[in-house]
Amino acid sequence: MTTIFSIVNGMGLAAPQGDLTALTAGAFREEFAAWFAVAGVRNVVLDLSLAAFIDSTGLGALIALLKRVSENGGDLSLAGLQKKARMVLEITRTHRIFEIYETVGEATRNGR
Amino acid sequence: MPEPSATPDAVVRRDETLSGRVLVVDDELINRAYLRKLLLARGCEVIEAASGEEAWRLAQERRPDLVLADVMMPGMNGYELCERVKGDPGMADISVIMVTARAEIEDLEQGFALGAFDYIRKPFNPRELVVRVRNALLLKRSNDELKLWQRRVSRELEVAGGIQRCILSTTPWLGDGTEVWMSHQPSQHIGGDVFDAIPLSDGRVCVYMGDVSGHGVGPAMVSSLVKALLAGLVRDLGAQGPGAVIDALRKRFEQYVQDPEVYVTLFLAILDPAIGAWRTVNCGHPCPILLVGGEDRSSQLSDRGELPIGINTKAASASDTEALVPAIPDSLLVLYTDGITEARLADNREECGVARLVGRIRTGLASGQLGDPVGGLIGQLAAEGYNVGSDDCSVLAVRQPAAPPLLAREVEPSLQAVDILGADVAQALRTAGWGEFAAAAVRLMVVEHGVNVLRHGQSGERTRLHCQLRVAGGEARLVFHDAGREWQFEEALARVQRRARADDESGRGLQIIHTLASGIFQYRRDNRNVTLYKIEEGRVSAPPVEDAP
C-alpha cells in the first residue's frame with residue numbers, strides 16, 4: 001500500500017491508497033513521518049476515501065499521526081471516512097478525538 | 001434445692017470427674033452457689049446467670065457445652081430459654097437440662113418438646129445430677145467430634161470434587177465436521193460418571209459415556225481410573241475400532257479392580273470418516289438417543305450389547321457386538337447416564353424417563369444450531385422439580401451439523417495470512433447473504449483476534465491459527481484455536497482497560513471484539529486455546545449507536 005502526499009491550501013494532504021490494517025499500518029506511519037519531517041506544513045488532512053477497512057492497528061497509526069501533528073502545533077483532520085472504516089472509530093469511541101469532515105474539500109476549505 | 005441430707009462431696013471419685021463448660025441458670029443465688037461448687041469440684045468450668053435473659057446473653061458470648069436451667073424464674077423462664085437456645089442454628093447443639101420442682105408429666109413433655117436433653121427434679125441427689133450432667137457433656141463432646149470429622153470429610157470431598165471437575169472436563173470439542181458438547185452434575189461433591197471426547201488423527205473422534213456402580217469416593221476413583229486407561233487405549237487402539245479398545249480396557253480393569261461389586265457400564269463410539277459412521281460398542285449402558293433433523297430415530301439403533309466392564313465375560317471380543325451408527329448430517333447422538341432418566345419429581349415420584357429426556361433435548365435444539373444443545377438440560381430438569389441431584393447426571397451430545405462450516409482453515413502465523421483470512425471470512429458471509437457492514441464487522445473480529453494471538457501467543461509455528469466459521473440464520477459462530485500460550489479473554493481485556501488512555505496507539509483489539517460479539521466463550525482443551533465468538537447479524541449490521549456525551 002502506498003500513500004500519496006500533497007499540499008492543498010497550505011495544508012498537508014495524505015491519502016493512503018488502501019486499507020489501514022496490521023499489515024499496512026507500520027509502513028504508512030514510517031512514510032508519513034518521513035514526509036512530515038520535510039513537508040513544512042502544520043495542519044494535515046488524512047484522505048481516507050480509499051481506506052475501506054481500518055483495524056485497531058490502523059487506528060493506532062491514526063492516533064500516532066494525531067500526536068505527531070499536534071506536537072508540532074497543528075491539527076489533524078480526517079476526511080472521506082467510509083462507513084466500514086468509521087466503525088472501528090465508533091466502537092472504540094476514538095472518533096471524538098479526531099476532527100472529522102465528510103470530504104477533503106470541506107477539510108481543506110479554510111487552508112493553513 | 002438439694003435434698004436436705006446431701007452436701008457436695010469433698011472427695012470426688014474418679015469416675016465422677018467431668019469436663020466441659022456449664023452455664024448454671026437460677027434466680028436464687030444459693031442454688032447457683034451450690035451447683036457451682038458441685039460442678040467445679042468435678043472439673044467443670046462454670047458460668048452463672050441469675051435470669052433467663054442473662055443466660056441467653058452469656059450463652060451467645062461463651063458458647064457453653066451445657067445449660068442447666070431452672071424452670072421457674074421471673075422474666076424469661078427455663079422453657080423460653082431452652083426454646084431460644086435450641087431454635088438458634090448456631091447454638092442448637094448446646095445441651096439443655098431443665099431443673100424443675102414441677103414434676104407433672106406435662107411439664108416434662110413440654111421441656112422435651114422444646115428440645116431439652118434431660119431434666120432433674122428438685123430436690124435432687126447430687127450424684128444423680130452429676131450422672132445426668134456427665135451424659136449430656138459426653139454426648140455433646142462426641143457430637144462435636146463428629147461435626148469436626150464431618151467438616152473435614154466434606155472439605156476433602158470438595159477438594160476431590162474440584163480435582164474431578166478438572167479431570168472430567170466438559171469443554172466442548174468443536175471439530176470442523178463434528179462437535180461434541182458435554183454436561184455433568186455429580187450427586188454429592190464427586191461422582192462415578194465418566195465421559196470424554198478424544199480427537200484422533202484422520203478426522204476420527206472417540207466419544208464415550210460410562211457409569212461406575214454406586215456413587216461417592218470409591219466410584220469416583222474408579223471413574224478416574226477408567227478415564228486414564230481409556231485416554232491411552234483410545235490413542236493406541238482407536239484406529240482398530242471400539243472393540244479392540246473395550247477388550248483391552250476389560251483386561252486392564254480386571255488387573256486393577258478385584259471387587260466384584262464394582263463394574264462400569266460404558267458406551268463407546270469412534271467416528272470413522274472413511275465409512276461416514278460411528279463404530280460403537282455398548283457394555284450394559286443405556287441406549288443412546290439419536291435425533292435426525294430433530295426427529296427421534298433412537299429405535300433404529302442396535303440394542304446389541306456386552307456385559308459391563310468388570311463383570312467376567314467369556315465373550316471372545318467386543319468387536320463381535322460392534323454396531324454402526326451412521327453419521328447423518330443434521331443429527332444429534334446423545335449419550336447419558338441413568339441419573340437423568342431416573343430422576344423423579346418430588347411430589348408424585350414420577351420418573352423423568354427417556355421420552356421426556358428426548359422431548360427436552362428437542363426443545364433445546366430448536367433454540368439454535370450453533371450453541372450447546374445440552375448445556376442447560378440438567379438445570380432445566382432440576383427447575384422442573386426432578387431430583388437430578390440424587391445420582392450423578394451426565395450427558396454428552398455429538399452434533400453432526402447439517403452442512404460443513406462456511407469456512408474452516410488453518411493459517412500460518414503471519415499478519416499477511418491473518419489479513420487474508422479476515423477478508424475471506426467477510427467474503428464467505430457476503431456469499432451467505434450477510435450485509436456488507438455486518439461482514440466487515442466479523443472481518444474486524446477475525447483480524448483483531450488473529451493479531452492478538454500473533455503478538456501475545458509467543459511467535460513460531462505453535463501459533464498457527466485455526467479458524468472455523470458457521471452460520472445459522474442471522475447468527476454466526478467463529479471458533480479459533482491455537483497452541484500458543486494460554487490466555488484469558490476477560491483477564492486480558494481488563495488488563496488493557498485498566499491502563500487505557502484516550503490517545504493509546506494500541507490495545508483496542510480486544511475491546512473491539514468485546515463490543516461486536518454477542519457471546520464470548522473460552523476453553524482450554526488438548527493444550528490449545530479455544531475461543532468461541534457468537535455474532536448476531538442484527539447487532540452488527542449498523543454502526544453502534546452514539547451514547548449521549
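Domain bounds here come from an automatic or database domain assignment. I looked up chain B first: the assignment gives domain 1 (14-146), domain 2 (169-400) and domain 3 (407-540). Taken over C-alpha atoms, the centres of domain 1 and domain 2 of chain B are 57 Å apart.

I note that this is a predicted model, in which local features need pLDDT of at least 70, side-chain atom pairs count only at pLDDT 80 or more, and totals for chains, interfaces and linings use all residues. Residues are numbered from 1 along each chain as its sequence is written, with chains lettered from A and ligands numbered from 1 in the order in which they are written.

**Cores**

I looked up the nonpolar cores (sets of buried Ala, Val, Leu, Ile, Met, Phe, Trp, Tyr and Cys residues joined through C-beta atoms within 7 Å). A residue is buried if 20 or more other C-beta atoms lie within 10 Å of its own, with C-beta atoms placed from the backbone. The largest core has 137 residues, and those touching the most other members include Val207(B), Val334(B), Val442(B) and Leu516(B). Helix 12 of chain B gives the largest share of this core, 12 residues. Domain 2 (169-400) and domain 3 (407-540) of chain B both contribute residues, so this core lies between them.

I then listed what Val334(B) touches: leaving out residues up to four places away in sequence, these are Pro288(B), Ile289(B), Ile361(B), Val374(B), Val395(B) and Ala397(B). A second, separate core of 33 residues includes Leu18(B), Leu38(B), Val99(B) and Tyr119(B).

**Interface**

I counted contacts (C-beta atoms, placed from the backbone, within 7 Å). On this basis 22 residues of chain B are in contact with 21 residues of chain A. Helix 11 (415-431), helix 12 (436-456) and helix 14 (509-516) of chain B each give two or more residues to the side that touches chain A. Helix 12 of chain B supplies the largest share of that side, 7 residues. Helices (H or I, at least four residues) and strands (E, at least two) are DSSP runs, numbered from the N terminus.

**Sheet in chain A**

I found an open sheet of 5 strands in chain A, in the order 1-2-3-4-5, with mixed pairing. Two strands pair if DSSP finds at least two bridges between them. Strand 1 (3-8) and strand 5 (99-101) of chain A are the edge strands, each pairing on one side only. Strand 4 (residues 76-79) and strand 5 of chain A pair in the parallel sense over 3 bridges. Ala79(A) has Tyr101(A), in strand 5 of chain A, as its bridge partner.

How values were computed:
Two residues are in contact if their C-beta atoms, placed from the backbone, lie within 7 Å. A residue is buried if 20 or more other C-beta atoms lie within 10 Å of its own, exposed if 12 or fewer, and partly exposed in between; C-beta atoms are placed from the backbone.
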